[in-house]
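Please look through the sequence and the structure shown below, and then follow the questions and answers about them.

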Amino acid sequence: MPDKSFTGVERRRTTRLSVRIIDRVARVLITVGGIGTILAVLMIMVFLIWVVVPLFTGGEIGEGATIPRSNAEAPLRMGVDEYRIMGFLLLRNGQIRVYRLDTGETIETLTPFADTPPSSAAMARSSPEVAFGFPDGSMVPGRMEFSSRFLDKAHVPAEFHDMKPGEPRRFESGMVQKTPEGQYRIQTFALTLEEDRTARVEPPSPIVRMDLTIKPTGPVYALLTEDSRILIREATEKRNLLTGRTRVTWSGDEIALNPPGDRPLPDRVLLSDGGRFVYLVWRDGFLARLGRVEGELQIVETVDLLRDDDAEITALSFITGKSTFLVGDSRGRVRAWFPVRPERSGTLDGTVLTNAHELLTEDGSVSPVTAFGPSSRARLVSVGYADGSVRLFHVTSGKLVAARPTALAQPVQTIVITPKEDGIVAVSRREIATFAVLAEHPDVSIVSLFGKVWYEGYPEPENVWQSTGGTDAFEPKLGLVPLIFGTVKATLYSMLFGLPIALLAAIFASEFLDPRAKSMVKPTIEIMASLPSVVLGFLAALVIAPFVEDIVPHCLTAFFTIPISLMLGAYVWQLLPRPFAIRMGRFRIFFMFLCFPIGLRAAAMLGPVIESALFAGDIRMWLDGQRGSAFGGFAFLLFPMVGVAMLILTTRGLDFKLIPMTSHLDRVPLAVFDLCRFLVTLLLTLILTALLAFILTRAGLDTRGAVFGTYSQRNALVVGFVMGFAIIPIIFTIAEDALSAVPDHLRSASLGAGATPWQTAIRIVVPTAMSGLFSAVMIGLGRAVGETMIVLMAAGNTPIMDWSIFSGFRTLSANLAVELPEAVRDSTHYRTLFLAALTLFAMTFVVNSVAEVVRARFRRKAVQL
Amino acid sequence: MGTPAMTVKAVPREITMQAPVARCADQGSISRLASIAAGEPFETDTHDAIGTEDAVLEVRDFKLWYGEKQALFDIAMNIPRGRVTALIGPSGCGKSTLLRSVNRMNDLIDSVRIDGQMLLSGESVYGPEVDVIELRKRMGMVFQKSNPFPMSIFENVVYPLRIDGIRDRSVLEEVCERSLRGSALWEEVKDRLKDSALGLSGGQQQRLCIARAIAAEPEVLLMDEPCSALDPMATGRIEDLIHELRGAYTVLMVTHNMQQASRTSDYTAFMYLGRLIEYGATEDIFLNPHLRETADYITGRFG
Ligand SMILES: Nc1ncnc2c1ncn2[C@@H]1O[C@H](COP(=O)(O)OP(=O)(O)OP(=O)(O)O)[C@@H](O)[C@H]1O
Ligand SMILES: [Mg+2]
């Protein structure tokens, strides 16, 4: 300290140490708290991103382990066991070679048809069923599978005791692996032929092509004979519950094939899921689809799969589910086709084969496609090319997951994905190569999450969220757009309902309410904010939704009758004798509240009338689109718009002309004149609305399907109402604070100039408090965006994209609440849900940031006051 | 809704007035102040000059209470039409209260209770059938602290027209120019009418408020210490302005500045503890007061 202060006077007191310490501590605490909060929020975001990022990391096909091959013949089929230690090759002559995947050593060779090699064979993808067709017209079904069991410790040879877990060893006719738990698992391959189920073609003719598919009741076979007949053979298995024996009954169809244009026999026969269609495919790209029309099997559609002349089909295969099939051609293109049922098809059975995806190589190479190895679980497919390259595609997303350009030295003959999708085995003339594959989330891309995806069976690309389904072949559809849409819709409808009420209530409380009454009303409304939203949701779902369901027309009508009765009330008030009106001025607000029941009563009375007049007597049926014309919907929609337009017109435009005419009038005649003007405006609005609605209806437009739609009990109306109720308190409180914070001297100035309290509120107080009002709205918006329980319980949770006020929806938050507990950890579904959470986070973050920025701008203006 | 807190200002001490003490007839100044403080009735000394004028506002036996506390006692005074009348008196004597009673701004305070009458051009101000909004439109009010709205200069001036629903652009522009000229602000702001009024200086803001008040063409202009927050230059301009408004408008203004009162006003009313003590032509009040208390106050001997 300096010896002498510059004023020459020394300060005698010093600040006490405790004060200084407290000051210091408080500063540190506040800093730590603030930074801690920011850190916590950041950590949540980092965690979400951490979980989400693996979704977008690409796949990889690892280095291959190659073993030489003695037989150069292209195998009919290849299979690999789920532990990736052994595989089999089915050759054209019916011989099956089972071999070790790591060394290539043959474990056993099966020759079930040594004397008469089969003339064709078929094998299901995701089940062990096979079938062989023979030149004598017989068909033998069977099962071909890997099976595993644990060895009895006593049977394990002594030299196996020092085996490392996971290490495969040959044992008898199979392979043994020691599990990490110390057990010995033996894996064997077995082919069982069910000769007793042999079916025969009558009259006999060699079976040259065949396919099979599995229905829940039993397998279905499609056979093509040399004499150009297509036979469908369907086995229906019935288990006798008493004896445990299974009885099989055969049924089927048969047609003689007369392919158009003197074509030879088709090169491939494919039987689609459940035996719905038979596809006959020729090399040049011609396809004939056989289906049943009125029980009759016939050609219902022909398609050119390639659409250009010089290419030809080099590979063809169904993917899992047997609805989509892939066509690979000599130009390296892979196209996915599946049947869809569009509104207008032009085919006999209403179904059209559609080319939905094209899977292109990353480098534009045009080497012919030679083999498909579809996964049995997902819509993932490995593709082999003539140049020895191997690629992994996801069909639905059209995404190239991974590529290995020089996987093999020769053209790929056959390719498979291992059952666990962790490897690819590719076969050429000389070698068998095994590649490790990393493809954790092959189906996910930014486009598949946020864009339209063409899912199997859909007539066009769509945004769909459907994470689980009934069957194994079900493909999870993880499009976030319907959920984002639901969130926006919930927010919009609840704001539409809650915002005007909350803001008007805030203006009323701050500008008109007696301070003593306000000191009671405000805390009461604030307590409303602490009402658990689950209670509101419960009320919405179990009380309001069933109630509203019964009185839909009344509810709709109330939207008009209440404002109209309020306005009418105001005009009638003006009619009152002036002294009386001034003396009763304080109680005006109670008269205003009186208008509500009147409006409600009018709605109750008018509702049924309007229902019968505009909505064909039953609004639910009308909404379904079964009845009535579009007129009613337009009338309802247009009425408020036309009304507002007319009001603006009459007050802005006509007033000029009217004021000179009426300025000399007395108060009461003037009030009568005003009332008449209002009624005339109302009438004009009605007429204009009817006219416009008529024109629009005539133009063939309809509101059903847009703003209106099929009624579901839990819908946007109910959610909007209840969630509006949930956001009212918070908007009200903040808005009221903002309005009350407007300096009183502005109010005095306005009132002193002769403005009414209402004019003061609207022209001075509200604009001045804009920043606060805006943040109130944004905080309400943030609350609505994140609100979970109400939408979970009252929105019906159907992830559809439909603006209709009568349809349900599913929001991001409700979706998280519903699905996150069930999602398998680290699965695509799980990570996508985290992405949904991140999206929600981003949405609220954006809303709040915008609010902050705008508020800061408003405040900069207000700070000068 | 309260009214803004008024800042209590010290009365300037360096007023140089020829002390009219000698001419004062009455000598019992201190004892009368004490008896007023004790609540005894007091008869206002109203000079005869007032009676010769045409009164635009008549206040008759006006009393006002804030809750239990009485703030105005039996005020009786006529405000002459087209003249400037100044209200002076020590802080807390009820000048602002009286001013706010004239356009019923006191209605906004819940605890206020009144008794007595006020007549504006012969019509009752406090009658049960009076439309307060209409009444206030007949008076303009300028507050101690300038209070422009956070809008453009133009919108500020035409606010009284806006709330009457006048949208005719030419009318608005004409009134705006006339009012701004009237408040001697036109030359300074004519190029920035679209700018925010909050960008003006304190003195300009106060003149803007005066422009806003006269835009409504009121019968009476009420001004509560319009210059208390301004520097001498701005004060001078506003005093000139008040001077110019004389004749066209009736002005009732509160001031603590004796020089200002003597310079700008035609009549001066001296209030003390809620009572109107002496009321007469400004010249008489300053040079020839009837009561010793008045003389003491204007010479700065108490207050
Ligand atoms: N809103 C109010 N509620 C209760 N009492 C009030 C209120 N406003 C003023 N008063 C009281 O009424 C009396 C007169 O106040 P007023 O503001 O009229 O004084 P004033 O003469 O304008 O003083 P100043 O020169 O300081 O502005 C004071 O005693 C004050 O405390
Ligand atoms: Mg005052």
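Two residues are in contact if their C-beta atoms, placed from the backbone, lie within 7 Å. This is a predicted model, in which local features need pLDDT of at least 70 and side-chain atom pairs count only at pLDDT 80 or more, while totals for chains, interfaces and linings use all residues. Residues are numbered from 1 along each chain as its sequence is written, and chains are lettered from A and ligands numbered from 1 in the order in which they are written.

Q: How many residues of domain 2 of chain B are in contact with domain 1 of chain B?
A: Chain B is divided into domain 1 (42-138 + 219-303) and domain 2 (148-217), with bounds that come from an automatic or database domain assignment. The C-alpha centres of these two domains of chain B lie 26 Å apart. Across the boundary, 12 residues of domain 1 of chain B meet residues of domain 2 of chain B, and the number on the domain 2 side is 10.

Q: Which helix gives the most to the side of domain 1 of chain B that touches domain 2 of chain B?
A: Helices (H or I, at least four residues) and strands (E, at least two) are DSSP runs, numbered from the N terminus. On the side of domain 1 of chain B that touches domain 2 of chain B, five residues come from the helix that gives the most, residues 232-245, which is α9 of chain B.

Q: Which helix gives the most to the side of chain A that touches chain B?
A: Between the chains, 24 residues of chain A are in contact with 25 residues of chain B. Helices α7 (578-583), α13 (744-752), α14 (757-768) and α18 (828-862) of chain A each supply at least two residues of the chain A side. The helix that gives the most to this side, with eight residues, is α13(A).

Q: How many residues of helix α5 of chain B are buried?
A: A residue is buried if 20 or more other C-beta atoms lie within 10 Å of its own, exposed if 12 or fewer, and partly exposed in between, with C-beta atoms placed from the backbone. The buried residues of α5(B), including Ile153(B) and Leu161(B), pack against α6 (169-182), α7 (186-189) and α8 (202-215) of chain B. Helix α5(B) spans residues 153-162 and is mostly covered, for of its 10 residues the number buried is eight.

Q: Why does helix α1 of chain A lie largely in the open?
A: Helix α1 (residues 17-52) of chain A reaches 52 Å from its first C-alpha to its last, close to the expected 52 Å, where the expected span is 1.5 Å times one less than the number of residues. It lies largely in the open because, of the 36 residues of α1(A), the number buried is zero.

Q: Is Leu816(A) buried or partly exposed?
A: Leu816(A) lies in helix α17 (residues 812-819) of chain A, and, not counting residues up to four places away in sequence, it touches Leu833(A), Ala836(A) and Ala837(A). Because it has 19 other C-beta atoms within 10 Å, Leu816(A) is partly exposed.

Q: Which residue of β3(B) stands opposite Leu64(B)?
A: Two strands pair if DSSP finds at least two bridges between them. Strands β2 (residues 55-66) and β3 (residues 69-80) of chain B run antiparallel and are joined by eight bridges. In β3(B), the residue opposite Leu64(B) is Leu72(B).
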